[in-house]
Amino acid sequence: MRVLVIDPDAARAALVAQGLEGVQPLEVRHAAVYVEAEVVAFAPDVVVIAAESPDRDTLDSLKESSQGHPVVMFVDRSEPGLAEQAVRAGVAAYVVDGLAPGRVRPILDVAMSRFALTQQLRGDLAKAKADLEARKTVERAKGLLMKERGLDEDGAYRLLRKLAMDRGKPIGAVAADLLAFAGVLRGDGA
Amino acid sequence: MSGFSDLRLGFIPLTDCAPLAVAKVMGFFAEEGLEVALSREASWATVRDKVSLGALDGAHMLAPMALAVTEAGEGEIIAPLALNQNGSAVTVSNALADAMRAADPASLEGPLVTAETLAGVVAARRARGEPPLTFAVVFPASMHNYLLRYWLAQGGVDPDQDVRLVVIPPPRMVEQMRAGAVDGFCVGAPWNAVAEAEGVGRTLITASRFWPSGPDKVLGMAARFADARPDDLKACLQAVMRAAAWADAPENHETLVELLARPEWVGAAPDAIARALTAEIVFHRQGAGLPRVEHGLWLVSQMIRWGQVAPDIDPEALVRRVYRPDLYRAAALSLDPRLESARSLDEAAQPLEARLFDRRPFDPSAPLAYASAFEIRRPQGSPA
């Protein structure tokens, strides 16, 4: 496991390393501030950062990009309720300070699995949107074929499927091509 | 007193936190009957989380953040007051300024510097196989991000394809430029002035040139606080308005600079703080404090343009939920005649014609059409 601890104080990195004792292989690196080149080179599995670090904004801006990392944040005891509320709302993995080494491992595990889940959901959502878009395109192409070729719905679909197989392309792509060419023939965008 | 504060507000160490700092230190909160705890926060993400979750009642906030949080359903934040106009600017490193000057000696002269010469520098770097230039902003949902993106794109530089855009916290901007990690940035006061004073960079365009009387920070309040304690909210707005008027007055600038320069507030060189205060930032006069719906609609148009929100949202409904000029007006009118300029509110509240530096007209009733008419924008539905 590769863990990056961003904190002006080195003590927290030592505590994290202690809590992860026995994990193999393990590399815990401490950095006072976020330095992009170093983070990219290290490629951490999880980042631990003090909630009062200004570098949070940089990490936050990466959360939807491929450069994002699972992030665990520590807050002071002087911020009553914040950690509990944040975890309940699911916005971020805030952890109250005074962390016992024994709690480090489960907290990092939860952060990493939650991050993986979020990434997967985001991917699923993008795929679902693309699928829906493709289905709409197929419906419109079917309608066009029914009108222009006098086919029934089933016949139109079979023709599209045949075109797709002949060209070795997904049916959505063939439908999109068909609509685009029909547009050209009608003079759209010319 | 029970020992608890009536109101918990956060701020980020920037010159435009002045109305909150002054309201606290000069006793305006106390005069309006409020005990306010002001906490200095280290990042905008923390400000967002704390206000969304109720750990703070409100904060000095990036105007687009209130819109983004509410739109995403992460929280419900209202903007009943604008904290300032102007103060941010685009600054580039000396090396990049030199490269622009070498490409066109007149490019950095004149009152308005555009990114057209920069586009040539970008193309030349690409032809030589050099890595793209790196520009930094303070947060994705910020006027700084939209200002920089608009300015770059207007000159023909695609902010996502032609340069690399990163997020860096304001106090680290200057050191990152000095270290050569960023070639340019858009950040609020005092950091542009600090970069110039330390000989690290050169400011190319200020917010007041980019869009005279354009938006910047707001007082972002948790909607649940505003609903539960309308009288305290009104008292808070009155105190901040009086503080903003105080901060505008030239005779108070020396005191204000001295206050903000202290480490517990902004913690920067007094000269750098003074520069934007005297030449740029407006807190209260000419209706600067009014949270204008037109501003919100323009910000949403840029969120759509850059793929941060889906193009099928209802900009008007979102902005009307967040921007609350009605609350500002009620508080301002009840200050009359204690705060003389409140009287001119009705004049100032006339619908504003948004005139950016490129003269492209913005019709607030058609933000979607405006967003989709730009040549450089993200295709619908694909985030930047």
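What follows is a chat about a predicted model with chains A and B.

Colleague: Hi! Before we start, what kind of model is this?
Modeller: Hello! The model is a predicted one.

Colleague: Good to know. Let's take chain A, then: how many helices and strands does chain A have?
Modeller: Chain A has seven helices and five strands. Along the sequence they run β-α-β-α-β-α-β-α-β-α-α-α.

Colleague: And what share of chain A counts as buried?
Modeller: Chain A has 190 residues, and 27% of these count as buried.

Colleague: How many of the contacts in chain A join residues at least 24 apart?
Modeller: If you take contacts between residues at least 6 apart in sequence, 49% join residues at least 24 apart.

Colleague: I'm looking at α1 and α5 of chain A. At what angle do they pack?
Modeller: Helix α1(A), residues 11–19, packs on helix α5(A), residues 101–149, at about 80°, and their axes are 7 Å apart. Angles of 65 to 115 degrees count as roughly perpendicular, so α1(A) is roughly perpendicular to α5(A).

Colleague: Nice. Which residues make that contact?
Modeller: From α1(A) you have L15(A), V16(A), Q18(A) and G19(A), and from α5(A) there are P101(A), G102(A), V104(A) and R105(A). By class, this contact has four nonpolar, three polar and one charged residues.

Colleague: Switching topic: how many residues does each chain put into the contact between A and B?
Modeller: Chain A gives 20 residues and chain B gives 21 residues. On the chain A side, α3 (56–61) and α4 (82–89) each supply at least two residues. The most comes from α3(A), with five residues.

Colleague: What classes of residue are on that side of chain A?
Modeller: The side of chain A that touches chain B has seven nonpolar, five polar and eight charged residues.

Colleague: Now the core. Which residues touch the most other members of the largest nonpolar core?
Modeller: Those are A66(B) and V240(B), in a core of 165 residues. Helix α12(B), residues 230–248, gives the largest share of this core, 12 residues.

Colleague: What is V240(B) in contact with, leaving aside its neighbours within four places in sequence?
Modeller: V240(B) is in contact with P19(B), L20(B), A23(B), L81(B) and L219(B). There is also another core, apart from the largest one, with eight residues, including V138(A), L145(A), A175(A) and L178(A).

Colleague: How does chain B divide into domains?
Modeller: The domain assignment gives domain 1 as 7–85 + 214–371 and domain 2 as 89–210. Their C-alpha centres lie 26 Å apart.

Colleague: And how many residues does each domain of chain B give to the contact between them?
Modeller: Domain 1 of chain B gives 31 residues and domain 2 of chain B gives 25 residues. In domain 1, the elements giving two or more residues are α4 (63–72), α14 (270–279) and α15 (293–305) of chain B. The largest share of the domain 1 side, five residues, comes from α14(B).

Colleague: What classes of residue are on the domain 1 side?
Modeller: The side of domain 1 of chain B that touches domain 2 divides into 20 nonpolar, five polar and six charged residues.

Colleague: Back to α14(B) for a moment. Which of its residues are buried?
Modeller: In α14(B), the buried residues are A272(B), I273(B), A274(B), R275(B), A276(B) and L277(B).

Colleague: Last one: what do the buried residues of α14(B) pack against?
Modeller: They pack against α9 (191–197) and α13 (253–261) of chain B.

Key:
Residues are numbered from 1 along each chain as its sequence is written. Chains are lettered from A and ligands numbered from 1 in the order in which they are written. This is a predicted model: local features need pLDDT of at least 70, side-chain atom pairs count only at pLDDT 80 or more; totals for chains, interfaces and linings use all residues. Two residues are in contact if their C-beta atoms, placed from the backbone, lie within 7 Å. Helices (H or I, at least four residues) and strands (E, at least two) are DSSP runs, numbered from the N terminus. Ala, Val, Leu, Ile, Met, Phe, Trp, Tyr, Cys and Pro count as nonpolar, Asp, Glu, Lys and Arg as charged, and the others, Gly among them, as polar. A nonpolar core is a set of buried Ala, Val, Leu, Ile, Met, Phe, Trp, Tyr and Cys residues joined through C-beta atoms within 7 Å. A residue is buried if 20 or more other C-beta atoms lie within 10 Å of its own, exposed if 12 or fewer, and partly exposed in between; C-beta atoms are placed from the backbone. Domain bounds come from an automatic or database domain assignment. Axes are lines fitted to C-alpha atoms, for helices over the stretch in contact, and angles run from 0 to 180 degrees between N-to-C directions. Angles under 35 degrees count as roughly parallel, over 145 as roughly antiparallel, 65 to 115 as roughly perpendicular and the rest as oblique.
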